[in-house]
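I opened the model to look up its overall make-up first and then a few residues in turn. The entries follow in the order in which I made them.

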Amino acid sequence: MAYSINKVQLIGNLGKDPEIRHVNDQSVAQFPLATTEVYKDRSGDRKEVTEWHNIVAWRWMADVSEKQLKKGSKVFIEGKIRSRSWDDKDGNKRYITEILTDNIIPFEKRESDGQGGNNYSSSVQSGSPTPEASDAGSEEDDLPF
């Protein structure tokens, strides 16, 4: 029997406020999420590469997104990759790749603890255990687990 996994975990910032629609009496939220990779090139110069992800949240996660997220919010997103296509009004075939959320954890900036670190508190919206907030002193260590 062949097995496969389609799982995505992202931490990034919303590019704009969630757009809420209703489809067949179900709420759906859509918003762009930016993730940025920082590295040094061969000459030692600091480089940043930002990737944009199309996020889709259904039902109660759409409601949570509408109430708790806004442009610039830092969030943890867990879900799966889904690609789809459709014909636009001019008859052209259009394609999109989206992340369908299973879990959204918004991060709220809390007061500095005096150690110079970036500290975040989190609230879990999926009913899963709350990850511990990182107390590490560098931006690369701001992971929710």
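Entry 1, burial. I count a residue as buried when its relative accessible area is under 20%. By that cut-off, 32% of the 145 residues of the protein are buried. I also looked up the accessible surface, which comes to about 10,000 Å². Carbon and sulfur atoms hold 45% of that surface.

The protein averages 80, and 74% of the residues score at least 70. Over residues 110-141 pLDDT stays under 50. The model still has 60 contacts beyond four places in sequence for residues 110-141. Where pLDDT is low, the predicted coordinates should not be read in detail. I left those contacts alone.

I find 1 helix and 7 strands in the protein. Along the sequence the pattern reads β-β-β-β-α-β-β-β. Of the contacts between residues at least 6 apart in sequence, 48% join residues at least 24 apart.

Which strands does strand 1 pair with, and in what sense? Strand 1 (residues 8-14) pairs with strand 5 (residues 74-87) over 6 bridges, in the antiparallel sense. Strand 1 also runs antiparallel to strand 3 (residues 26-40), with 2 bridges between them. I then looked up Asn 13 in both pairings. Asn 13 stands opposite Lys 74 in strand 5 and opposite Ala 34 in strand 3.

An α-helix has 3.6 residues a turn, so residues three or four places apart point the same way.

Beyond four places in sequence, Glu 98 touches Gln 30, Asn 54, Val 56, Lys 80, Ile 81, Arg 82 and Arg 84. With one of these, Arg 84, the side chain of Glu 98 makes a polar contact of 2.9 Å.

I place Lys 7 in the segment before strand 1. Lys 7 is exposed, because its relative accessible area is 52%. Leaving out residues up to four places away in sequence, Lys 7 touches Glu 78 and Gly 79. The side chains of Lys 7 and Glu 78 are joined by a polar contact of 3.1 Å. Lys 7 and Gly 79 are 72 residues apart along the chain, and their C-alpha atoms are separated by 5.7 Å.

Arg 21 is in strand 2 (residues 19-23). With a relative accessible area of 41%, Arg 21 is partly exposed. Beyond four places in sequence, Arg 21 is in contact with Gln 26, Ser 27, Val 28 and Gln 30. A polar contact of 3.4 Å joins the side chains of Arg 21 and Gln 30. I note that Gln 30 is also among the residues that Glu 98 touches. Last, I looked up Arg 21 and Trp 58, which are 37 residues apart along the chain. Their C-alpha atoms are separated by 9.7 Å.

Terms used:
Residues numbered from 1 in each chain as written. Heavy atoms only, no water. Polar contact = N/O pair within 3.5 Å; in protein donor to acceptor, adjacent residues only side chain to side chain. Contact = heavy atoms within 4.5 Å. pLDDT = per-residue confidence, 0-100. Pairing = 2+ DSSP bridges. Helix = DSSP H or I, 4+ residues; strand = E, 2+ residues; numbered from the N terminus. Buried < 20%, exposed > 50% of the residue type's maximum accessible area, 1.4 Å probe, protein only. Areas by Shrake-Rupley, 256 points an atom, 1.4 Å probe, with all protein chains shown as cover.
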